[in-house]
Amino acid sequence: MNWIEQALKRLNTENAVLVTVLATQGSVPREAGTRMLVFAQGEEGTIGGGHLEFQALAHARQMLAGQTAQVTLRQMLGPSLGQCCGGALELSFEKVDANDLPRLSPQLTPSRTPLALFGGGHVGKALVRCLAPLPFAVRWIDSRDEIFPADVPAGVACEHSSPVQAAVADLAPRSRVLIMSFSHAEDLDIVVACLKRLRDKADLPFVGLIGSQTKWATFRHRLEDRGFSEVEISQITCPIGVQGISGKEPEVIAVAVAAQLLQSL
């Protein structure tokens, strides 16, 4: 999704053709609504599909050069394109320029799922870099206001909260939550706050806690002592990350957790 800002910036000074996947049938590379901007030199975004996209780029540049006025194409992903997907899709082509920016900006900006990341440590930093181009609106929270780096990716909101668990109360509904603070005590406080919110509102679809099986066993006992039921405690995912990835490097953990979050959408 990082292509959007660059595309809109280029459109300030360059004309382009907006290519949109209007409709799809069967197996296709991208879903309806996918867009890209094609310039005389280069393009931003992708509709995917190898030779399919090659054909779309050629048609868009013919339109830019005034060599065609055809605004839709239907493509079968079969032998004629050297592809065997078996599906079909319809593409639209629209010439655009700087005057179209107010209309295109909201069209190109995707909806993002709110995600609260508690913890600015090594894994937290790796996760922010991994999540930035994905369909999440990241709210990065820590009790230490000096912890956030200067080069935070666009679209990530940094927030100092003390006590850190106080931020749980005003998380956006349907937020995904990741808990990985510098302190197990803080982690537990955040988990408790999330469970209380789930008890009252049931509006946090995924709450993940970083840690080992041993850490989680200790947490389970402490949560039981605080009066949470087995059903309530089972709403916490710990350890986090898709199974089968054993590496413990921050970047490896970040990829495994990002994949798990995408599965939750």
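The largest nonpolar core of this predicted model holds 27 residues, and F118 and L223 make the most contacts inside it. Such a core is a set of buried Ala, Val, Leu, Ile, Met, Phe, Trp, Tyr and Cys residues joined through side-chain atoms within 4.5 Å. Buried means under 20% relative accessible area with a 1.4 Å probe, protein chains only.

**Core make-up**
- Two or more residues each come from strand 6 (113–118), strand 9 (176–179), helix 5 (184–200), strand 10 (206–209) and helix 6 (213–225).
- Helices (H or I, at least four residues) and strands (E, at least two) are DSSP runs, numbered from the N terminus.
- Helix 5 is the main contributor, with eight residues.
- Apart from this core lies another, of 23 residues, including L117, F148, V156 and A258.

**Around L223**
- L223 touches L188, V191, V192, L195, W216, F228 and I233, leaving out residues up to four places away in sequence.
- Contact here means heavy atoms within 4.5 Å.

**Helix 5**
- Its 17 residues reach 24 Å from first C-alpha to last, close to the 24 Å expected at 1.5 Å a residue.
- That expected span is 1.5 Å times one less than the number of residues.
- Among its buried residues are E186, D187 and R197, along with L188, V191 and L195.
- The cover over the buried residues includes strand 6, strand 9, strand 10, helix 6, helix 7 (230–233) and strand 11 (236–237).
- S183 caps the N-terminal end, with a side-chain oxygen 3.1 Å from the backbone nitrogen of A185.
- A202 follows helix 5 and has a positive phi, near 50°.

**Basis**
- Local features need pLDDT of at least 70 and side-chain atom pairs 80 or more, while totals for chains, interfaces and linings use all residues.
- Residues are numbered from 1 along each chain, and side-chain values use heavy atoms, without hydrogens or water.

Definitions and conventions. Buried < 20%, exposed > 50% of the residue type's maximum accessible area, 1.4 Å probe, protein only. Polar contact = N/O pair within 3.5 Å; in protein donor to acceptor, adjacent residues only side chain to side chain.
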